[in-house]
Structures are given as structure tokens and as C-alpha cells.
Amino acid sequence: VVSTHTTESSGINAEYGQKAWNAIGDYYADRLKWSSAVSYYQQSQNMEKLVECYYLLEDYDKLGALIDQVPDNSVLLENIASKCSSVGMCHEASRALVKNNKVKEAVDCCVSLNQWDRAVEIAH
């Protein structure tokens, strides 16, 4: 059903397909099947849910890779930064904050994680 609607060229069917992929992802996420949910959230391009899934799966490389896919000044960048910082990923956390024009917070993050060289690099 989903593939039939997502291959249609009309915007309505594409939107329906995206909602369907997202709903299937939610189905798996509700059952704590994060790996299965990821593939459907990728299809629906649901960045918020992908951030949560990658964090819960402890797939920090993919979490960090999402920074480049999120638009500048997005609230989602703060969420990614917070999650990266919580697991000691200073470079990714500070990169997300800088992309969100939060340079002071990026420096503070580096200082709190004792990454002094990175803090100085960002401050300049």
C-alpha cells in the first residue's frame, strides 16, 4: 500500500506515503524496536524521530551524521547537541551548536567536557 502511494507523482500521494512511513516507524518505536523504526523514519524523512532512535540505539556515528542534514538554526540541532554532549561527543555537540549560531554554548560545552583545544578553536 505504501509503495503504491509513494510512487505516484502527485503531492497528495507523496504526502500520504510520508505519513504512512512515519506511522509504520511509530508502530515499531512504540514496541521499542528502534532498528526497525529507523528504516521507516528514514523513508519519511522524520529527522526528530531519527535523532531519538539513533540515540536509543547508541549509534552515535549516525546521530552525529544527522548534523549535516538538519537545516541551520533548527531547534533539532540543540537536541542533537544535548544528546552528543551527554555521551562525551564534544566535537559533534559543538558542531551542532555552532551550526545553530550558539557559539557561546558550544564553547561552554567544550569546557564542560574538558576539550580546551576545541573550545579555543571555536572561540577564535
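## The nonpolar core

A nonpolar core is a set of buried Ala, Val, Leu, Ile, Met, Phe, Trp, Tyr and Cys residues joined through side-chain atoms within 4.5 Å. Buried denotes a relative accessible area under 20%, exposed one over 50%, and partly exposed a value in between (1.4 Å probe, protein chains only). The structure is a predicted model, in which local features need pLDDT of at least 70 and side-chain atom pairs count only at pLDDT 80 or more, while totals for chains, interfaces and linings use all residues. Residues are numbered from 1 along each chain as its sequence is written, and side-chain values use heavy atoms, with hydrogens and water left out.

The largest nonpolar core has 29 residues, and those with the most contacts inside it are Leu50, Leu66 and Ile80. At least two residues of this core come from each of H3, H4, H6, H7, H8 and H9. Helices here are DSSP runs (H or I, at least four residues), numbered from the N terminus. With contact meaning heavy atoms within 4.5 Å, Leu66 touches Met47, Leu50, Val51, Tyr54 and Ile80, not counting residues up to four places away in sequence.

## Helix H4 and its surroundings

Helix H4 spans residues 47-56, and its buried residues are Met47, Leu50, Val51, Cys53 and Tyr54. These buried residues pack against three helices: H3 (34-44), H5 (60-65) and H6 (75-86).

At the start of H4, Asn46 places a side-chain oxygen within 3.4 Å of the backbone nitrogen of Glu48. This falls under the rule for a polar contact, a pair of N or O atoms within 3.5 Å; within protein, one must be able to donate a hydrogen and the other to accept it, and residues adjacent in sequence count only if both atoms are side-chain atoms. After H4 comes Glu58, whose phi is positive, near 60°.

## Cysteines

A disulfide is a pair of cysteine sulfur atoms within 2.5 Å. A search of the whole structure finds zero disulfides. Cys53 is in no disulfide, and the nearest cysteine sulfur, that of Cys84, is 15 Å away. Cys84 is likewise in no disulfide; for this residue the nearest cysteine sulfur belongs to Cys109, at 8.8 Å. Cys53 has 2% relative accessibility and therefore counts as buried. Cys84, at 0% relative accessibility, also counts as buried.

## Salt bridges

A salt bridge is a side-chain nitrogen of Lys or Arg within 4 Å of a carboxyl oxygen of Asp or Glu. By this rule the count comes to nine salt bridges. One of them joins Lys62 to Asp59, with the closest N and O atoms 3.8 Å apart. Lys62 is partly exposed, with a relative accessible area of 44%, and Asp59 is partly exposed at 24%.

Another salt bridge is formed by the side chains of Glu78 and Lys102 (3.7 Å, N to O). Glu78 lies in helix H6 and Lys102 in the loop between helix H7 (90-99) and helix H8 (103-112), so the pair ties together parts that are 24 residues apart in sequence. Glu78 is partly exposed, with a relative accessible area of 36%, and Lys102 is partly exposed at 25%.

A further salt bridge links Arg118 with Glu121, the closest N and O atoms being 2.9 Å apart. Arg118 and Glu121 are three residues apart in helix H9 (residues 116-123), so about one helical turn separates them. Arg118 is buried, with a relative accessible area of 15%, whereas Glu121 counts as exposed at 53% relative accessibility.
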